[in-house]
Amino acid sequence: MGLNTEVIVRPSMGLRVSPPQSGLCCAFIAPKLEISNLKTMFSPEDHKWMSQALKLAEDAAANGEVPIGAVIVLNEKQIGTGQNRMEELQNATAHAEILAINEASKQLKNWRLDGATIYVSLAPCPMCLGAIKNSRISRLVFAASDTSSYNNSTEIESGLLKKESVEILQKFFRNVRRIKGDSGVKAMPSIFPQ
């Protein structure tokens, strides 16, 4: 992919093993992502936000972290930023994307980030792709690909007690819909006492 190529990724349901695609990240197991199209031009706003993500990556490097930065934008306004802080926090989940999602969710007082774009200096790992999908971010733009993050020795097995797990999930969401009186898609009130 050239320097002026944008991959727009839209989250879908389910998991899959994705085969390599013309220069994109190699095989990985992550939330299924559909690459909807390739654009060859970026807007000035895209450049602005990616430049900020790159600055955050430089800041991370200066702090001895893997240099990855992320910026989340909604309606042309920054709502969250993050840079890798795994070493500082001694936390394997302190990735730039996760920290940016947490900040954006706090700012909006909502975990749903529908309509937002996340700009990341490096293609997200499977964990961060899952968080991007789960937070309902609408658009992902990344600067560089890194296939090495998908090559690990984790053995993945699935299906153990699947029926029981599905029943628990279905019961929970039936209860949510009953409490809300609708499908539970937007602005769900807390069903757990605080």
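I will begin with the chain as a whole, then turn to the sheet, the helices and the nonpolar cores.

This is a predicted model, in which local features need pLDDT of at least 70 and side-chain atom pairs count only at pLDDT 80 or more, while totals for chains, interfaces and linings use all residues. Residues are numbered from 1 along each chain as its sequence is written, and side-chain values use heavy atoms, with hydrogens and water left out.

The chain has five helices and six strands. Both kinds of element are DSSP runs numbered from the N terminus: helices are H or I with at least four residues, and strands are E with at least two. Along the sequence, their pattern reads β-β-α-β-β-α-α-β-α-β-α. Of the 194 residues in the chain, 37% are buried. Here buried means under 20% relative accessible area, exposed means over 50%, and partly exposed lies in between, with a 1.4 Å probe and protein chains only.

Let us now consider the sheet. In what order do its four strands stand? The order is E4-E3-E5-E6, in an open sheet with mixed pairing. Strands count as paired if DSSP finds at least two bridges between them. Strand E4 (77-83) and strand E6 (139-144) stand at the edges with a single partner strand each, so one side of each has no neighbour in the sheet. From one strand to the next, the twist averages 15 degrees.

Strand E3, residues 69-74, is joined to E4 by six bridges, and the two run antiparallel. E3 and E5 are also antiparallel, with four bridges, whereas E5 and E6 run parallel, with five bridges. Val-71 stands opposite Thr-81 in E4, and its bridge partner in E5 is Tyr-119. Tyr-119 in turn has Val-141 as its bridge partner in E6.

Why is E5 described as largely enclosed by the rest of the structure? The reason is that six of the six residues of E5 are buried. Thr-117, which lies in this strand (residues 117-122), counts as buried because its relative accessibility is 11%. Beyond its neighbours within four places in sequence, Thr-117 is in contact (heavy atoms within 4.5 Å) with residues including Val-71, Ile-137 and Arg-139.

Helix H3, residues 96-108, lies across E3, E4 and E5 at about 145 degrees to E4.

Finally, I turn to the cores. A nonpolar core is a set of buried Ala, Val, Leu, Ile, Met, Phe, Trp, Tyr and Cys residues joined through side-chain atoms within 4.5 Å. The largest has 24 residues, and among those that touch the most other members are Ile-72, Ile-101 and Val-120. E3, H3, E5, helix H4 (126-134) and E6 each supply at least two residues of this core. H3 gives the largest share, five residues. Another core, of nine residues, lies apart from it and includes Trp-49, Leu-56, Val-71 and Tyr-119.

Terms used
Axes are lines fitted to C-alpha atoms, for helices over the stretch in contact, and angles run from 0 to 180 degrees between N-to-C directions.
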